[in-house]
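This report walks through one protein chain, from its overall fold down to a few individual residues. Please keep the sequence and the structure in view while reading.

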Amino acid sequence: MNQIYQFKVNQISGKEISLNEYKGKVLLLVNVASKCGLTPQYEGLEKLYKQFKDQGLVVLGFPANEFLAQEPGTNEDIQQFCTTNFGVDFPMFQKIVVKGEGQHPLYHFLTETKPEATLKEGSTLMPRLKEKGLITGKPNDIKWNFEKFLINKSGEISERFSPDIDPMDPVIVKAVEKALNQ
């Protein structure tokens, strides 16, 4: 099965839900962190969500602490940080493991199904991470905070974007528009 609807996740409030609740929607799944250089992307994620939610886009935020412990807070801390600093209104979920030992089955599925991300043209993020020895694990692993998976209305992964592609970058906006119009 190549759909994400088989997975259950816990909302940041603790309530377990099935991703089946989002059937027929276009989803952007993002592993997020509060203490990362890319954390300002929360603003772009919220802007993208507001721009397209009435057309069927839902952004789903999954806090993760696998990259230099840049998401150390509790779920309550994360919720407050996102709301206070970025006005996040899109669904947030409890902290999960997106890479390595204890990897959540959802992220295992995502990285196995779509092993490579679209890279930002001219980006220096991946070479810098590699140079510092921060890219570890399998080639298909999540590389850093704010990696994005675009899921079409059928629940299939249509795109995977590298962490440093801003949510409002035309490459993501066009992919979202295309998915919404299919």
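## Contacts around I135

Two residues are taken to be in contact when they have heavy atoms within 4.5 Å. By that criterion, and not counting residues up to four places away in sequence, I135 touches M126, L129, K130 and K143. The model is a predicted one, and I135 sits in it within the loop between α4 and β5. Because its relative accessibility is 29%, I135 counts as partly exposed. The C-alpha atoms of I135 and D164 are 14 Å apart in space, while the two residues are 29 apart in sequence.

## Overall fold

The protein chain contains 5 helices and 6 strands, and these follow one another along the sequence in the pattern β-β-β-α-β-α-α-α-β-β-α. The C-alpha trace spans about 40 × 35 × 30 Å along its principal axes. A compact globule of 182 residues would have a radius of gyration near 16 Å, and the 15 Å of the protein chain therefore agrees with that expectation.

Of the 182 residues in the protein chain, 49% are buried. Among the contacts with a separation of 6 or more, 73% are accounted for by residues 24 or more positions apart.

## The sheet and the helices against it

In general, the strands of a sheet pair through backbone hydrogen bonds, in either a parallel or an antiparallel manner. Here, 4 strands form an open sheet whose order is β4-β3-β5-β6, with mixed pairing. Its edge strands are β4, residues 57-63, and β6, residues 157-161, each of which pairs on one side only. From one strand to the next, the twist averages 20 degrees. Within this sheet, strand β3 (residues 26-32) and strand β5 (residues 148-151) run antiparallel and are joined by 4 bridges, and L27 stands opposite I151 in β5.

Helix α1, which comprises residues 41-52, lies across β3, β4 and β5, and runs at about 155 degrees to β4. Helix α3 (residues 105-113) has as its buried residues L106, Y107, F109, L110 and T111, and the elements that cover them include β1 (8-10), β3, β4, β5 and β6.

## Aromatic pairs

How many aromatic pairs does a search of the whole structure find? The search finds 10, and two of these pairs are described here. The ring centres of Y42 and F146 are 5.6 Å apart and the ring planes stand at 85 degrees, so this pair is edge-to-face. Because Y42 lies in helix α1 and F146 in the loop between α4 (125-131) and β5, the pair ties together parts of the chain that are 104 residues apart in sequence. Y42 counts as buried because its relative accessibility is 0%, and F146 is likewise buried, with a relative accessible area of 0%.

F62 and Y107 also form an edge-to-face aromatic pair, with 5.9 Å from centre to centre and 75 degrees between the planes. This pair, too, links distant parts of the chain, since F62 belongs to strand β4 and Y107 to helix α3, 45 residues apart. Both F62 and Y107 are buried. Returning to Y42 and F146, these residues form one aromatic cluster together with F81 and F86.

## Two buried asparagines in loops

N152 is located in the loop between β5 and β6. With residues under 20% relative accessible area taken as buried, is N152, at 13% relative accessibility, buried or exposed? At that value N152 counts as buried. A polar atom of the N152 side chain lies 2.9 Å from the backbone nitrogen of S154. When its neighbours within four places in sequence are left aside, N152 is in contact with Y5, K25 and S158.

N140 is found in the loop between α4 and β5, where I135 also lies. With a relative accessibility of 11%, N140 counts as buried, whereas I135 counts as partly exposed. Apart from its neighbours within four places in sequence, N140 is in contact with T111, E112, P115 and R160. One of these residues, T111, is itself among the buried residues of helix α3.

Note on methods: Residues are numbered from 1 along each chain as its sequence is written. This is a predicted model: local features need pLDDT of at least 70, side-chain atom pairs count only at pLDDT 80 or more; totals for chains, interfaces and linings use all residues. Side-chain values use heavy atoms; hydrogens and water are left out. Two strands pair if DSSP finds at least two bridges between them. Axes are lines fitted to C-alpha atoms, for helices over the stretch in contact, and angles run from 0 to 180 degrees between N-to-C directions. Buried means under 20% relative accessible area, exposed over 50%, partly exposed in between (1.4 Å probe, protein chains only). Rings of Phe, Tyr and Trp (its six-membered ring) pair if their centres lie within 6.5 Å; planes under 30 degrees apart count as stacked, over 60 as edge-to-face and the rest as tilted. A polar contact is a pair of N or O atoms within 3.5 Å; within protein, one must be able to donate a hydrogen and the other to accept it, and residues adjacent in sequence count only if both atoms are side-chain atoms. The radius of gyration is taken over C-alpha atoms; the globule rule is 2.2 Å times the number of residues to the power 0.38.
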